[in-house]
Amino acid sequence: MKVSTVNDNKNEHALYLLCAGGLAVFFISTITYIALRTGFVSYDSWYYLRLAESVLTNGACHVRGEYFAVFPCGYSAMIAGLSWLTGMDVFHSSKVLNFLLLCGSGVLIFLATGSALFGFLFVVNPVVLSIGHYTWSENAFILSFSMIFYSLTKMYYGNYSLKIFSMLMLGLLIGVSTRYFFGPYAFLIFMASLMVYGKKVSIRAFPVFAVSGILFLLYYYYNNSMTGYGSGRPRVTPPESVIYLTVNFFEYLAKDFLVYFISVSPLLVMLVVFMYKKKKPISDFDCTPYLFLSLLGLGYISIAFVLRIYVHYDLYGTRTVGYGISFLLSSLLSMACMRYYVKVYSLVVMAFVGVLSTVLSHKDYYLTFLDENRGADWGQTYQEAISNYSSGLSISGAVVSFDVPRVKRYVAENIDIFYGENVVVLSPKAAPYNEKESYYDFKERVIDSGMECFYDFSRVNSQGDFKKIVDAKYALDIGEGALNNIVLDFRYSDSVRLHFKEVFDPGRVIPCDFASSR
């Protein structure tokens, strides 16, 4: 009978576990404090916060009064629940929730494998800490993943209690209700469990996976009935070539692998020293859970690569691919270190790894501490920035704007706060996130809204500055001759660009001019 690693490592006494856990909590607390003070709110984050407000006040997943399904509502519901329990606003609740999700994930990895080092590396690395700064549903995803990993690993070691099955079901429900990506990934988790943990575990777990899959499909069908699309909006076919996407993918992998290895370099040095001294490895160490998680990391990376070829969203980056790198490298490195395990050295090394991981998670922010020429808004808190964020315009109706400013560094623009509740922003649809909209279609959309319309050029003071905005381009392909020969295309249609160049009036707000349409 297999014996869990938890039972194999009884020399991990309470003091060591307390110190290791305390280090993890310290670094997660550090990024939580920074996020609370600075913001770390992206364009998507605003939608999660709007949904949380809607759940809290109306008990519904609405944005601007309409059912919203572009992002699943599960993460926002969790934010709303914590806000309701604590009385905090949704912004503060989102950051505290992230803290709880990351801490819970680390604990579950430890409980599943018995390795405090593994639990630490799983959550304290540049990828997880980078994402942990932001109000993003990926933070709920990592908890759901940890719950599933914990449950399947316990089954592998012979525990088939109701508690374990309940944990598996809850983990799957959190996953499918927080990220659409989790649908195909859950299928991969099941297949990986069959390959690594065997038929007995996968057969016992199959009904739970099947039920969660059915619930995911029902949610997708409900979204379709409410919005006309299973994921809340039409998904644009990626305009980039497969060659460009492939090159971009491997460029990202090379960059993030390097960052990860730099962050764990103290641990790598310790491992090499121990191996050089021929320290005897643990002979009865069970590496199966580590191999299982590394396989799930490879699967995550593979799905992220393939999915982006067929569905357009953000290019390959830490948010879209990073967890796969984290799963793969944290499991393989932990497995190697566990075979040469020394508590005293690992605690010291974990502290160094934590510092490097925190700094490298957002090095542009943390290294700014040393920059005397940092931006004027750098030291401004999130609350201070929001309180001063306004267009200052006394208008109502539809506004066409090409230059809504960010709230501050690390806090994205928010048109609802900037213009106020009496204004609807109707700007021309642009590539690559939408099909380019012709000027005629845009004009008809504005007229059909029935609202008085204004062009807001108040923050653009010259033709040259405006030209940079309307003539902005995005990467499309790789040309002949060299990988850095990037083929670009305009974001806006030719007719839109021509019209707005004609009517542009520097520094002013003017009525919409449809008379000069082309």
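Okay, quick housekeeping. Residues count from 1 along each chain as its sequence is written, and side-chain values use heavy atoms, with hydrogens and water left out. Since the model is predicted, local features need pLDDT of at least 70 and side-chain atom pairs count only at pLDDT 80 or more, while totals for chains, interfaces and linings use all residues.

Let's start with the cysteines. How many disulfides does the count come to? Two, where a disulfide is a pair of cysteine sulfur atoms within 2.5 Å. Counting bonded cysteines along the chain, the pattern is 1-2, 3-4.

The pair Cys61 and Cys73 has its sulfurs 2.1 Å apart. The S-S torsion there is about -100°, so this disulfide is left-handed. Cys61 sits in the loop between α3 and β1, and Cys73 in the loop between β2 and α4, twelve residues apart. On naming: helices (H or I, at least four residues) and strands (E, at least two) are DSSP runs, numbered from the N terminus. Cys61 and Cys73 are buried, and by that I mean under 20% relative accessible area, with exposed being over 50% and partly exposed in between, using a 1.4 Å probe and protein chains only.

Then there's Cys453 with Cys512, sulfurs 1.7 Å apart. The torsion is about -55°, so that one is left-handed too. Cys453 is in strand β5 and Cys512 is in the segment after β8, 59 residues apart. Both are buried.

What about Cys103? The closest cysteine sulfur, in Cys19, is 16 Å from its own, too far for a bond. Cys103 counts as buried, at 18% relative accessibility.

Now, β5 takes us to a sheet. It's open, four strands, order β4-β3-β5-β8, mixed pairing; two strands pair if DSSP finds at least two bridges between them. The edges are β4 (423-425) and β8 (509-511), each pairing on one side only.

Buried or exposed: which is it for helix α6, residues 116-123? Mostly covered, with eight of its eight residues buried. Among them are Phe118, Phe120 and Phe122.

Last stop, the surface. Val211, in helix α11 (residues 199-227), is partly exposed at 38% relative accessible area.
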